[in-house]
Amino acid sequence: MINRLNYAEFYITNHCNISCSGCNRFNNYKFSGSEDWDSYCNIYKEWSSLLNIDHIAILGGEPLLHPKLKQILNDVRSFWPNATIEITTNGLLIERIKPDLLQCLIDNNIQIYCSLHHPDWEEKIKKSMIDKFGNLELLEKKRIIENNPAGVDKFLTDTKNKIVLEYTYYFHQSALVKTKNNKFTVHNSNYEKAHSNCDMKHSFHFFKGDLYKCGLMVTLPQILEQKPEMFDIEKQQLNLLNEYTPVTLEHIKSGADLHDMLYSPMPQCEFCPEEYHYHEISTE
Ligand SMILES: C[S@@+](CC[C@H](N)C(=O)[O-])C[C@H]1O[C@@H](n2cnc3c(N)ncnc32)[C@H](O)[C@@H]1O
Ligand code: SF4
C-alpha cells in the first residue's frame, strides 16, 4: 500500500489572469470554477492522516486568484506540517499580494515557484518579490544549455522564503488538437508511448477531495462540460474519459494497491501526444 508520495498538487482554480498558448490545463480558454475549499478541507485532513507527502504544490490556473488561498495554505500546512509547500504562480500578481496573505506565506514557510512565461517580465517580477519578501540571495543557478535562458534560479529571501524562478518561454503542445472544422479533439496516441513521454505523469492532482492521476483528468471534463461548442471528440474517446475514476479516500482506507492507479500508463493516456514539439508561448 502506498502511504507516501514524493509530490502532489492541489488544483484550486480554473481561473487565470493571462492566456498562455498551449496551457496544459487549458486555463487559457477562460472556463470557470474553483475548489470549494470549505466542502473538502476535512476530507484532505483525513487524507493527511493516511498519506505522507514530501512536496506539495498549490496551483491552478493562477492560485493567487483563489479568494481563500490564505485558509488553504494554513490548512495544508497544518495537515502536512513537514512538507515543502509551494504555490506555483506566473508571478504577475505577486505585486498585489495583501499584507495578511504575505504574512501567511511567511508564517507557513511557503515556497514561491514562479514560472516566467515571457522574458520581459523578469525584472518586474523580481522587483515585486523584493518589495514583498526582501532581498534575494542566489542559492543556485541551473541552466539546461549554457547561455540559454531556459533554466531555474533559486533564491532565499530576507523573510526566509525560498523563491524559484523558472524561465519557461516555450511550451509543448497540450492534449488538444485542432480539427478540420476548427474545433478541438484530443490525440489518439499509443497510450504507453504517451505515458512514457509525459511530463505530468507524476503530477498527481487533489481536486474535490479525490486524487487524480494528472491535470488532464481534472480539467478536460470541466472544459468539455462548460464549452461543448469548442469540441468535436469521438464518442469512443468521450466514453473512455467518462470511465476514469480518481483515487478516493475509500480506496486508501480499504488498503487498495494504488501504485497502478497512479504510476502505470492507463488507456486515457492516449489523449496526450507521443512526442513533444515546442512553440514560443504567446500570452494575452
Ligand atoms: C498550468 S500552470 C499553473 C500555475 C501558474 N499559472 C503558472 O503558470 O505557473 C502549472 C505549470 O505548468 C506549466 N505548463 C503549462 N502548460 C505547459 C505546456 N504546454 N508545456 C510545458 N509546461 C506547461 C507551467 O509553466 C507551470 O509551471
Ligand atoms: S499562467 Fe499560463 S500556464 Fe499558468 S495557468 Fe495561466 S495560462 Fe496556464
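Strand 4 (residues 110-116) has five of its seven residues buried, so the rest of the structure largely encloses it. Buried here means 20 or more other C-beta atoms within 10 Å of a residue's own, exposed means 12 or fewer, and partly exposed is in between, with C-beta atoms placed from the backbone. Strands are DSSP runs of E with at least two residues, helices are runs of H or I with at least four, and both are numbered from the N terminus. The model is a predicted one, in which local features need pLDDT of at least 70 and side-chain atom pairs count only at pLDDT 80 or more, while totals for chains, interfaces and linings use all residues. As for bookkeeping, residues are numbered from 1 along each chain as its sequence is written, and chains are lettered from A and ligands numbered from 1 in the order in which they are written.

Strand 4 has parallel partners in strand 3, over five bridges, and in strand 7 (residues 162-167), also over five bridges; pairing requires that DSSP find at least two bridges between two strands. Ile110 of strand 4 is the bridge partner of Ile85. To get from strand 3 to strand 4, the chain passes through helix 3 (residues 99-107), and this β-α-β crossover is right-handed (with the strands pointing away from the viewer, the path from the first strand over the helix to the second runs clockwise). On the strand 7 side, Ser115 sits opposite Glu166.

Zooming out, the sheet is open, has nine strands in the order 5-6-7-4-3-2-1-11-12, and mixes its pairing senses. Strand 5 (136-143) and strand 12 (210-212) each have a single partner strand, so one side of each lacks a neighbour in the sheet. From one strand to the next, the twist averages 25 degrees. Strand 2 and strand 3 are parallel and share four bridges, with His55 bridging to Thr84. Helix 2 (residues 69-79) packs on the sheet against strand 1 (4-13), strand 2, strand 3 and strand 4, and its direction makes about 170 degrees with that of strand 2. Helix 6 (residues 215-226) packs on the sheet too, touching strand 1, strand 11 (205-207) and strand 12, at about 40 degrees to the direction of strand 11. Contact means C-beta atoms, placed from the backbone, within 7 Å; axes are lines fitted to C-alpha atoms, for helices over the stretch in contact, and angles run from 0 to 180 degrees between N-to-C directions.

Now for the ligands. Around ligand 1 there are 17 residues, of which Asn24, Leu59, Asn90, Ser115 and Phe171 come nearest; a residue counts as near if its C-beta atom, placed from the backbone, lies within 6 Å. Strand 2 (52-60), strand 3 (84-89) and strand 8 (170-172) each contribute at least two residues to this shell. Its make-up is four nonpolar, 11 polar and two charged, where Ala, Val, Leu, Ile, Met, Phe, Trp, Tyr, Cys and Pro are nonpolar, Asp, Glu, Lys and Arg charged, and the others, Gly among them, polar. The shell of ligand 2 includes Cys16, Cys20, Cys23, Glu62, Asn90 and His117, and splits into four nonpolar, seven polar and one charged.

The loop between strand 1 and helix 1 (37-50) holds Asn17, which touches Glu62, Leu65, Leu92 and Leu93, leaving aside residues up to four places away in sequence. Phe26 is found in the loop between strand 1 and helix 1 and has a positive phi, near 70 degrees.

Key
Contact = placed C-beta atoms within 7 Å.
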